[in-house]
Structure formats: C-alpha cells, structure tokens
2 protein chains.
Amino acid sequence: MKIGILGTGVVGQTIAEKLVQLGHNVMIGTRGKQATLAKTGKDNFGRPPFSEWHKNNFKIEFGTYSETASFGEFLVNATNGIGSIDALKIAGENNLANKVLLDISNPLDFSKGMPPTLTICNTDSLAEQIQRTFPKSKVVKSLNTLTAMLMTNPGLLPEPTNIFLNGNDGNAKEEVKKLLISFGWKEKNIIDMGDITTARGTEQILPIWVRLWGTLQTPMFNFKIVVAAKN
Amino acid sequence: MKIGILGTGVVGQTIAEKLVQLGHNVMIGTRGKQATLAKTGKDNFGRPPFSEWHKNNFKIEFGTYSETASFGEFLVNATNGIGSIDALKIAGENNLANKVLLDISNPLDFSKGMPPTLTICNTDSLAEQIQRTFPKSKVVKSLNTLTAMLMTNPGLLPEPTNIFLNGNDGNAKEEVKKLLISFGWKEKNIIDMGDITTARGTEQILPIWVRLWGTLQTPMFNFKIVVAAKN
C-alpha cells in the first residue's frame, strides 16, 4: 500500500520505519523540506537530526505535506497536535479526500512547561476538529495513547495491553485495525470505542499519561483494561 | 477509627459498609436527613432507597454533613462532584480542618445527558478546588477511577489493577494507602502520582471510563498500567 505520513518527528519516523519493514511504499512529509534537512543536533528526545535518520532509511521517500498527502492511498497524521489542522490544510483538502486518515496527534501544549495542558478537551477533541474541517476524509484516531516505540512494538511490554479506535467510518476503522494487527497488536486487544466523539476520552488520558511518565521514570508503559468475568 | 462519610449514594454506602466490616465506627452524612429518609423507589442504579439500606446497615450512624464531619477523625468525600464544594462548606470548614479528606468525587455533569462532561478540567481539578477552599484539610484524591463495588473489592477483577493517590501531604497519603490496603489493594499497585495537581490526570480519565462502560457493557473494569522491564 502507498502510505503517506505527515510529520517527521519521532512518531512519524517510527511508523514509517515499521511500514517499510512491512513492505509498504512510504513517503514522509514535512512543512518545508529544506528546513527539516537543515536541522542539526539532537531533538528534544535525544534523537539524531532528520537528515541522519533519512540516510539510514533511504527507502522512505521524503516530500512536502502536499506531495505526501497526494502520494498516499492511506494517510497518517503524525504532526504536532497544536499544528495539525494547519499542516493538514497545507497538505490540501483534495489530497486528503476519500482516504483513511489515521490521526495519532495529541493536542498538547508544552509552551508553558511541564506538565503540558490540552488545547482542546472535554466537549471537543482534536480528532473531531480534524473530521469537521475535512469532512471528506475518514478520520480514525488511534495509537495516541502510548509512546512511539510501543505503537509499532506492543510486544515489548510483558503482557498484552489495549489500544483504542475512534471514528465514524466502520470500514476505515477496519483498515486501521488491520494495520495495527500487522504492527503486532492482537485483534482482541483493539477496542473500538465508537464514533469520533469518543476521541475526547482517549485524548484526555494524556494528562495522566504524562504524569505516569514522570512517576514511572519511563515512557515504556501502556494501559490494560481489566474486566471482571461475566456472571 | 471514627470515620465520617459525606454522601449517601452508592459510593458512600459501599465505603461505609466496608469500613464497618473492618471494625471502624462510621457515620454517613447527608444534606437533609428527612429528605434522604423520605426517598422511595430505586435510585438511578436500581438500588433500593436509603432508608431500606440503612435498616440493613444499622451499625452505621446517620447524620447531617456537619454532624458527620464533626464525628469523623478521618473524612471521605463521596458526594456528587458538582455539589462537593457546597456540601463541604455545609459540613463546616472547622469540622474538616486538620483531618485527612479522602476525595472520591468526580466533576461530572450528567445534566445534558450521556456522555457527561467535566465541570472542571485541564488546568484545574475538583481536588485542587477542594484543597484551595479548605486549606487546613489534607485532601487526598483516590478511588475515583473505578466503580464503587471494585473500590472495596479489587479482588473481584481477574488480575491486579492500579489505583492512584494525589495529594500534597505525604502522611495523609500514607493514611489513605493503609486504608486502601485494608480494602484489599496491594501496596505495589497503589501509585502515588505526586501533589494534588496530579488529580487533573486521574479526574480526566473519567471521560474514557464512561465510554468504556458503554463499550464493555459493564462498569466492572479497571486500568492496569503495564510497564516494560528495565534494561
């Protein structure tokens, strides 16, 4: 499958690497190619600059947001949540139309330091805003509730955990589910929460996620929903 | 220990029953005793009216908010989150002072139907509001992230799950931890998240909790945090 990933940060890179390993044709997209290639030094997570990563991952095509959205039959929003709507507008409404858009972004504002706050919450969610702004796209929120390395390697945890799906289009959720299964997620651990408004819940677990990261001193954790046996 | 529980709903009743079983002297408090006793018919959860419950639990003393707060050396806020600040004011600042106040309430607004919204979130929490309003009390948020029956019977789930503590006073958190252990929680599964501002995270998992209740068709579940083994 031709997959376009918007966003060249740790999430975009991690998803892109996995998709190439799985045999997909992948393009990763950025706002400005020259600016992204010109970055030197490590990022906030201590990772090498994009140009170095791309040398080691030369099978992944590199494009603008627009080129990447046009290239992909299936799209992934891995941009910073604060800039996601803007990035998707640059990608172009027509390039996004009639495609599944897997939205991994979180509306986290780190500008006032730790802990971050949410720019959208409670009665709305970023996923809903994206779906409203691009009504022809089939937005499915998933994978936003855990660190990048675990998104594509759930088996790194000592026991199965859960991942959530939120979206209005049942077929689009099935496509995302297949992708998650190819990443190593077990079907029984993928919870379809319902329509896109259920993304309010999955986005609002980020505040406890961020605090757990501090408490546990590692981002390598995930939520498991333990349910009582039926009577 | 003499324990005062503010709130006569399912959470207050469940906690009161457990505390009596554990040998504590318990009073459960309400805004208006006559009004609470006059209720007939089942509540929203299909439970019998308070008066019937109290006949079966006659060892539990029944008082006003003020009598209950005065009675308890250790207090539990099991009132409806929307009315908690008001209820605690009626209980009386002096009656709350210098005591641990275990806050189980959630700022959920069901007035516009399902799903409920939060009346406070993101940059504040109900627990913080309570702590600010009653600065002499030692507020510890806990148990608000699961259904009443599991609060006092965590062993009803097929595997250990987690419970959170949020509060500014380390000794108060230790007292609450001891109580949780007496309820059946294992010490290693009680996560001290830090100061009272971390209650933002635990209160904001209610939106996904409510949606999971719908998806799973049961409230009998809880979150388990699965962490990768250290390298």
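**Note on the predicted two-chain model**

1. Contacts of B:Val11. Neighbours within four places in sequence aside, B:Val11 is in contact (heavy atoms within 4.5 Å) with B:Ala78, B:Ile104, B:Ala148 and B:Met151. B:Val11 sits in helix α1 (residues 10-21) of chain B. Helices here are DSSP runs of H or I with at least four residues, strands are runs of E with at least two, and both are numbered from the N terminus. B:Leu206 is 195 residues from B:Val11 along the chain, and their C-alpha atoms are separated by 15 Å.

2. Basis. This is a predicted model, in which local features need pLDDT of at least 70 and side-chain atom pairs count only at pLDDT 80 or more, while totals for chains, interfaces and linings use all residues. Residues are numbered from 1 along each chain as its sequence is written, chains are lettered from A and ligands numbered from 1 in the order in which they are written, and side-chain values use heavy atoms, with hydrogens and water left out.

3. Packing of α1 on α9, chain B. α1(B) and helix α9 (residues 170-183) of chain B pack at an angle of about 80°, and their axes are 11 Å apart. Axes are lines fitted to C-alpha atoms, for helices over the stretch in contact, and angles run from 0 to 180 degrees between N-to-C directions. So α1(B) is roughly perpendicular to α9(B). The angle classes are: under 35 degrees roughly parallel, over 145 roughly antiparallel, 65 to 115 roughly perpendicular, the rest oblique. On α1(B), B:Ile15, B:Lys18 and B:Leu19 meet B:Leu179, B:Ser182 and B:Phe183 of α9(B). By class, this contact has 4 nonpolar, 1 polar and 1 charged residues. Ala, Val, Leu, Ile, Met, Phe, Trp, Tyr, Cys and Pro count as nonpolar, Asp, Glu, Lys and Arg as charged, and the others, Gly among them, as polar.

4. Packing of α5 on α7, chain A. The axes of helix α5 (residues 84-91) and helix α7 (residues 126-133) of chain A come within 10 Å and cross at roughly 25°. α5(A) and α7(A) are therefore roughly parallel to each other. From α5(A), A:Ser84, A:Ile85, A:Leu88 and A:Lys89 make the contact; from α7(A), A:Leu126, A:Gln129, A:Ile130 and A:Thr133 do. The tally for this contact is 4 nonpolar, 3 polar and 1 charged.

5. Interface. In chain A, 36 residues are in contact with 36 residues of chain B. The two chains bury about 3300 Å² between them, 68% of it on carbon and sulfur atoms. Buried area is the accessible area (1.4 Å probe) that two parts lose on being put together, summed over both. A:Ile208, A:Arg211 and A:Val226 supply 19% of the area that chain A buries against chain B, more than any other three residues. The copies meet through the same surface, because 100% of the interface residues of chain A are also interface residues in chain B.

6. Backbone points to check. Most residues other than glycine have a negative phi, and most peptide bonds are trans. The bond joining A:Met114 and A:Pro115 is cis, with omega about -10°. A:Pro115 is in the loop between β6 (108-109) and β7 (117-118) of chain A. A:Leu143 is not a glycine, yet has a positive phi of about 65°. A:Leu143 lies in the loop between β8 (138-141) and α8 (148-151) of chain A.
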